[in-house]
Every structure is written in C-alpha cells, then in structure tokens.
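Me: Hey, I'm new to this one. Can you walk me through a few bits of it?
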Amino acid sequence: MDKKIQNLLNKWLENNLISESTYKNIVNFENNSNPSQKSKVAKTITLIGSLFLLSGLLGTLPLIWDNLAYWAQLLLLIVTTMFLIYAANYSEKFEDRNIFIFKSSERVSSILYLISTISFGSVIAFTLNILNTTNNVSFSEEISILLVSLFVFIYSFILYVRTRLIFQHIALFYTSIFFLGSLGNLIFPNIEPWAGGLFLIATGLIWGLYTSNEVLGPSWLGYLLSTSTMSIGFIVLIDDLLQNNDLLQIILLIFGSVVFVWASIQLSERVIFYIGGLGLIINLPRLITELLPDNIWPPLILFLVGGVLVAVGLYLNSVRENLKK
C-alpha cells in the first residue's frame with residue numbers, strides 16, 4: 001500500500017476519525033488493489049518490448065526512409081498511428097492501469113496517445129503535401145500549417161475528453177496554442193511581438209479560468225500551464241513596450257509575481273505560489289541592484305526583509321492556532 005495512504009490512515013485512526021473496522025477494510029481494499037506479480041511481469045515485458053520496438057524503429061527508419069516512395073512514407077505513418085491508437089486502447093485494459101515501475105498513477109495509454117498525436121500530425125502534413133503535388137488542389141504554406149494545426153487540435157481535444165489524462169491535457173494546451181497562433185498569423189501576418197505576448201497572456205488566463213471552473217483537470221497542471229504561459233507572455237509584452245526602461249520592467253514583473261502569490265492563496269494552489277515565488281526571487285535582487293548599483297546592500301536588504309516576513313508569518317500562524325484553541 002502507498003506510504004502516504006498508510007500514514008493518513010494511521011493518523012485518522014489515532015485521532016478517532018475512523019473506526020478499527022473501517023481501517024481494516026481500507027487496508028484490505030488497498031492491498032487487493034495492488035498489481036499482482038503476473039500483472040507486473042506482463043507490463044514489464046510490454047514496456048521493454050515497446051522500448052525495443054521504438055529504438056528499432058528509430059534506428060531503421062532513417063535507413064529506409066529515403067528509399068521509400070512518398071506514398072509509402074505516408075502509408076507507414078498511417079500504419080504507425082493506427083498501431084499506436086490500438087496499443088493505447090489495449091493498454092487501458094491493464095488491471096491497475098498504471099506504470100508500476102515509476103509508481104505513477106498515469107496510464108501507459110497516455111504516453112502512447114501522446115506519441116500518436118505527433119504521428120497523426122505527420123500524417124496530415126504528408127497528406128497535404130501529396131495533395132499539393134496534384135493539379136486540382138494547392139494550399140499556401142500558411143493554409144497548410146493552419147489545417148495541420150486544426151486537425152491535430154481536434155484530435156487532441158477528442159483524446160482529452162475521452163481520457164482526461166495528464167499528457168492529453170498538455171497536448172490539448174499546446175495544440176490549441178499552435179492552432180490559434182497559426183490562425184492569428186494568417187489573419188495578422190505582420191503581428192508585433194507585444195501582440196504575441198498579449199496572446200499568450202489571454203490564452204493562459206482563459207486556461208486558468210477553465211481550470212478554476214473544473215472544466216480542465218488536474219487543477220495543478222492547468223494552473224501550471226496557465227501561469228507559466230502568462231508569465232512568458234507578460235515578459236514578452238513589457239520587454240517590447242518598455243525596451244528602454246529596465247526599472248519599470250522589473251517593478252511590473254515583481255507586481256505580477258505578487259499577484260500570482262495572492263492568487264495562490266485564494267485558490268489554495270501551490271504551483272501558482274511556486275511560480276510567483278520564483279519571480280520574486282529572480283526580480284527582487286534585480287530591483288535592489290538597479291536602485292543601489294555596486295553596493296553590498298542588496299543581499300543584506302533581502303536577508304532583513306526575509307527575516308521580517310518569516311517572523312510575521314510565524315506570529316500570524318501562532319495567532320491562528322490560539323484562536324483555534
């Protein structure tokens with residue numbers, strides 16, 4: 001049984017939150033849910049076989065790829081994609097549905113579906129290239145990229161709705177950015193860098209809102225993708241608009257980090273706090289150095305501010321504990 005679950009059960013039992021019989025029932029259920037030895041062996045063989053298959057394919061493909069006709073290359077990609085989809089569907093039938101070697105709750109099928117997304121995108125790209133060689137159909141480069149991104153986005157969306165797994169969440173996020181970005185590039189071909197930053201901020205904000213409304217999950221991943229994308233977009237935006245004002249750039253970055261820390265408290269999400277805290281760690285020394293260049297004060301000021309914040313935090317926590325009592 002997982003050590004975290006065991007520790008929680010022991011803590012609940014010690015504090016009389018659960019009865020002895022309930023404790024035993026949960027322990028028996030968890031023990032019976034663990035993969036059997038045969039299941040472990042079967043999955044080990046499957047995973048090792050997959051690694052050999054992948055390494056053999058990567059080693060053989062460059063040798064035969066150039067000797068294949070274009071239609072044969074496309075056929076090979078289609079067969080590979082169909083095989084990956086079949087293997088992913090089949091792997092969902094595993095008894096405990098996890099990769100026990102890594103002690104992860106993530107399914108083998110999630111990885112296979114992720115690889116199939118890349119393969120599917122290659123199939124669409126090859127198909128469009130073949131169509132472009134005919135006399136009846138001709139796509140510009142921008143339209144071809146838009147079509148590839150659209151079909152891959154639809155494929156990722158279907159997989160995520162069906163599986164709700166981590167890698168499919170990641171694939172859906174980046175394929176949506178790929179599609180929206182290619183659409184924006186088609187409509188606004190000469191877009192400025194600040195507009196690209198604004199696009200990333202808007203995309204990250206919308207993703208965070210959908211995560212907050214529990215449309216997307218798991219929440220930690222949705223917030224990680226959202227806040228990291230918003231941070232990159234914000235950096236691009238202010239770097240382009242405020243090229244000659246480093247001090248104002250730093251102040252705005254610190255303000256954004258503070259907003260993230262505040263949001264992490266409101267949403268009770270540590271991943272947002274980590275990103276906001278990282279921004280403060282990076283930009284506070286930059287601000288002090290900008291205000292006091294060539295001085296020994298920056299590290300000392302950070303040390304003093306950190307000590308004050310820790311003392312305030314400990315005091316507030318002791319007040320909260322006293323109120324509980």
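Me: Which residues in α5 meet which ones in α7?
Reply: S110, I111, Y113 and L114 in α5 meet I166, F167, Q168 and A171 in α7, where contact means heavy atoms within 4.5 Å. Helices here are DSSP runs (H or I, at least four residues), numbered from the N terminus. This is a predicted model, where local features need pLDDT of at least 70, side-chain atom pairs count only at pLDDT 80 or more, and totals for chains, interfaces and linings use all residues. Residues are numbered from 1 along each chain as its sequence is written, and side-chain values use heavy atoms, with hydrogens and water left out.

Me: OK, and at what angle do the axes of α5 and α7 cross?
Reply: Roughly 25°, and the axes come within 8 Å. An axis is a line fitted to C-alpha atoms, for helices over the stretch in contact, and angles run from 0 to 180 degrees between N-to-C directions. So α5 is roughly parallel to α7, a label for angles under 35 degrees.

Me: Switching topic: where does T227 sit, and is T227 buried or exposed?
Reply: T227 lies in helix α9. T227 is buried, with a relative accessible area of 4%; buried means under 20% (1.4 Å probe, protein chains only).

Me: What does T227 touch?
Reply: Leaving out residues up to four places away in sequence, T227 touches F260, I272 and I275.

Methods. Helix = DSSP H or I, 4+ residues; strand = E, 2+ residues; numbered from the N terminus. Parallel < 35°, antiparallel > 145°, perpendicular 65-115°, else oblique. Buried < 20%, exposed > 50% of the residue type's maximum accessible area, 1.4 Å probe, protein only.
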